[in-house]
Amino acid sequence: MNSSYKKEDVIFLLKDVTGMVEPLPSKEREKLIQSGMHYSEMLPIEYIPSKEYMDIYFDSLQIFGQAMADALGSLADKIVKSRGKNIVLVSLARAGTPIGILLKRYINLKYNMDLPHYSVSIIRDRGIDDNAMKYILKRHPAKDILFVDGWIGKGAILKELKKAVKNYEGVSPELAVVCDPAGETVLTGTYSDIFIPSSALNATVCGLVSRTFLRSDIIGENDFHGALYYKEYINQDLSYHFIDEIQKLFRTHEDNTDMPKTKGITEAQNQAKRFCIEDINLIKPGIGETTRVLLRRVPWKVLIDERYKDDRELRHIVRLAKEKDSEIEYTRLNNYKCMGIIKKMKDI
């Protein structure tokens, strides 16, 4: 798989399907998803940010980059403490990929350990890429594998991961993330709903790689899951700018993570009930997930905790909501600073 990342930072176990799949507009894709077509069988057209949005991104990176770097350092320390020296990082493409690279760099700098790092596809309701797992397990002991992602929203991918790894003896379902406001994992840098700058962009901060793709007419029985390489966006690529800016902020600090008193899924279920939404998958809690809704789905409403109404951490979300003509409602949330709600098909 081609990408703008260097091989020494990450090995993508993905099939390059560039030119084989035509990305679809958000509204057309949303109708197909809610009509029963699986989201992994198509790809969205990548959002090209406005100048105003990019100004907010760069400003937010400067303001909130340190919080992310500290959370990542805390996570790295937890990983080494719990796993020792024999670790194989397996990031979940694509949001997990820059996090895996940063963890690899932090651990190398602080502990002088050069960890292998692969990036593989996992898809809700379809599981993890079996061929990618077999590839890794031929080269590394099962007990050394550690899965990495950016954040946990409600915990749907973690649930998928726990189910999938039952097929691989000795592989732990543990997931390491920078932030987990849902309170679902021990290996997290923070339980606060912090802004991870890489969540604010798409391929241009993830090695110019699309989200992953799985459709039987293109992905064969022996193929890895697929992805596109967006070579045409090379002039907008900020993948290493993001990595380098966060790496500059690495520092030693004390761990102060306290798990939330309630699970995030409960809060998501309460909001679903409040708005008479039967499909919990239409509720996307947390800064990272809300950003994703606004970037590549069709948003109906954005909920923002009234305590963070003027929080600079959420400026990119407010900007995107205005661009997508999505209503913003200020309310009271517990685990999260914001939530994105996808528009129902009948309203599209």
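Biologist: Is the crossing of α2 past α9 left-handed or right-handed?
Modeller: α2 passes α9 in a left-handed crossing. Left-handed means that the near helix is turned anticlockwise from the far one by less than a right angle; clockwise would be right-handed. This is a predicted model, where local features need pLDDT of at least 70 and side-chain atom pairs count only at pLDDT 80 or more. Residues are numbered from 1 along each chain, and side-chain values use heavy atoms, without hydrogens and water.

Biologist: What makes α2 roughly antiparallel to α9?
Modeller: The two pack at an angle of about 165°, with their axes 9 Å apart. Angles over 145 degrees count as roughly antiparallel, so α2 is roughly antiparallel to α9.

Biologist: Which residues of α2 and α9 meet?
Modeller: Contact means heavy atoms within 4.5 Å. From α2, they include Glu52, Tyr53 and Asp59. From α9, they include Arg315, His316 and Glu323.

Biologist: How many of the residues in this contact are nonpolar, polar and charged?
Modeller: Four are nonpolar, two polar and five charged. Asp, Glu, Lys and Arg count as charged.

Biologist: What is the largest nonpolar core, and which residues have the most contacts inside it?
Modeller: A nonpolar core is a set of buried Ala, Val, Leu, Ile, Met, Phe, Trp, Tyr and Cys residues joined through side-chain atoms within 4.5 Å. Buried means under 20% relative accessible area, with a 1.4 Å probe. The largest core has 63 residues; Tyr57, Met68 and Phe242 are among those with the most contacts inside it. Its largest share, 13 residues, comes from α2.

Technical notes:
Buried means under 20% relative accessible area, exposed over 50%, partly exposed in between (1.4 Å probe, protein chains only). Helices (H or I, at least four residues) and strands (E, at least two) are DSSP runs, numbered from the N terminus. Axes are lines fitted to C-alpha atoms, for helices over the stretch in contact, and angles run from 0 to 180 degrees between N-to-C directions. Angles under 35 degrees count as roughly parallel, over 145 as roughly antiparallel, 65 to 115 as roughly perpendicular and the rest as oblique.
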